[in-house]
Amino acid sequence: MSYEDQIPYVESTIIMTTVRVVAPFVLTLGLFVMFHGAGSAGGGFQGGVVVGSVILMLAFAFGIEAVRDWINPAAVLGVIGLGVGTFVAIGLGSVALGGAFLEYGRYGSLTVVKYSIELVELGIGAIVTGVVVGLFFLIAGGYADAEEEGSA
């Protein structure tokens, strides 16, 4: 089945309206899971997947190309870079204080330890969100782009 033989995107008012209503709640749930991952069930990985799924829902409802045009690829890479930077900074901070990588106890105050763990969870969530969204758009680009590049 070639790219031209695929069924074109058809807008559905029901799906678009449902996604408009549901997406903010799903995004809030994902952020809640990320923020509370250190002290309860959840965490950066689970929350990142939920937040990334919001972008996928938007793509399925409004069209992959429209959402791909709306989201700057540099922003996706920036989110991943920010997550990696946060994770590494917290990890190396404890090394700078004479401990091991991510040895939170070296930060001393329980408040600082708590927020360090939360920042690591948010960093992991940002990485996972960026990877989920990036992989989705990379796979959604499919073979058509590769075939076009190969024929050019």
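A residue counts as buried under 20% relative accessible area, as exposed over 50%, and as partly exposed in between. Keep those cut-offs in mind for this tour of a predicted model.

Start by selecting L92, in helix α4, which spans residues 73-96. Its relative accessible area is 46%, so L92 is partly exposed.

Next, go to L58, in helix α2 (residues 44-62). Is L58 buried or exposed? L58 counts as buried, because its relative accessibility is 19%. Leaving aside residues up to four places away in sequence, show V19, G63, V67 and W70, which L58 touches. Then pick A23: 35 residues separate A23 from L58 in sequence, while their C-alpha atoms are 7.8 Å apart.

Widen the view to the largest nonpolar core, which has 16 residues. Within this core, I55, L58, V67, I71 and F137 touch the most other members. At least two core residues come from each of α1 (13-35), α2 and α5 (110-151). The largest share is that of α2, with 6 residues. In soluble globular proteins, nonpolar side chains tend to be buried together.

With residues up to four places away in sequence left out, I55 touches V67, I71, V133 and F137.

Last stop: another core, of 5 residues, lies apart from the largest one. Select I90, Y107, V113 and V120, which are among its members.

Key: Residues numbered from 1 in each chain as written. Predicted model: local features only at pLDDT ≥ 70, side-chain atom pairs only at ≥ 80, totals over all residues. Heavy atoms only, no water. Helix = DSSP H or I, 4+ residues; strand = E, 2+ residues; numbered from the N terminus. Buried < 20%, exposed > 50% of the residue type's maximum accessible area, 1.4 Å probe, protein only. Contact = heavy atoms within 4.5 Å. Core = buried A, V, L, I, M, F, W, Y, C linked by side-chain atoms within 4.5 Å.
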